[in-house]
Amino acid sequence: RVICMGTETYCEYTSVSIDKIVKIPDNVSMEVAIACMCQGLTAHYLVTCATGGLVKKGDWCLVYSAGSGTGQWTAQMAKIQGYKVIATTSKGKEEMVRASGVNYDELIVLDTSSSSSS
């Protein structure tokens, strides 16, 4: 089992060069592999391309919703690039975000629960 990400590949079968494929480990489902590929590539683009070269090593980088799949990837990749990461997450996801490399003083926890009163 393998997975690839490319242009015009929204199909069950396609032809790609061997350097564009990744073997899926036996203990990983196809759904998890696809999610990792999509989230990882999105995060990679955000950290390396979307900034247009304006963010440099040592600069602060805000990762909004760092408790999401893409947010976790983005926070980790930003740290690897040498950015100082400040992140937001919803209540209950703090430990997961910290486990991905965001320090306690760099995390803003948002209470997104709404209390409606009449």
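Okay, so a contact here means heavy atoms within 4.5 Å. In this protein chain, residues 24 or more positions apart account for 49% of the contacts with a separation of 6 or more.

A quick word on the source. This is a predicted model, where local features need pLDDT of at least 70, side-chain atom pairs count only at pLDDT 80 or more, and totals for chains, interfaces and linings use all residues. Residues are numbered from 1 along each chain as its sequence is written, and side-chain values use heavy atoms, with hydrogens and water left out.

Now the layout. We've got 3 helices and 5 strands, which are DSSP runs numbered from the N terminus (helices H or I, at least four residues; strands E, at least two). Starting at the N terminus, the order is β-β-α-β-α-β-α-β.

What about the inside? Buried residues, meaning under 20% relative accessible area with a 1.4 Å probe, protein chains only, make up 25% of the 118 residues.

The largest nonpolar core has 14 residues. By nonpolar core I mean buried Ala, Val, Leu, Ile, Met, Phe, Trp, Tyr and Cys residues joined through side-chain atoms within 4.5 Å. Helix 1 (30–48), strand 3 (60–63), helix 2 (69–80) and strand 4 (84–90) each supply at least two residues of this core, and helix 2 gives the largest share, 3 residues. V63 is among those with the most contacts inside the core. Leaving out residues up to four places away in sequence, V63 touches G71, T74, A75, V85, I86, A87 and T88.

And how many disulfides does the search find? It's 0 across the whole structure, where a disulfide is a pair of cysteine sulfur atoms within 2.5 Å. The C38 sulfur is too far for a bond because the closest cysteine sulfur, in C36, is 9.6 Å away.

Methods:
Buried means under 20% relative accessible area, exposed over 50%, partly exposed in between (1.4 Å probe, protein chains only).
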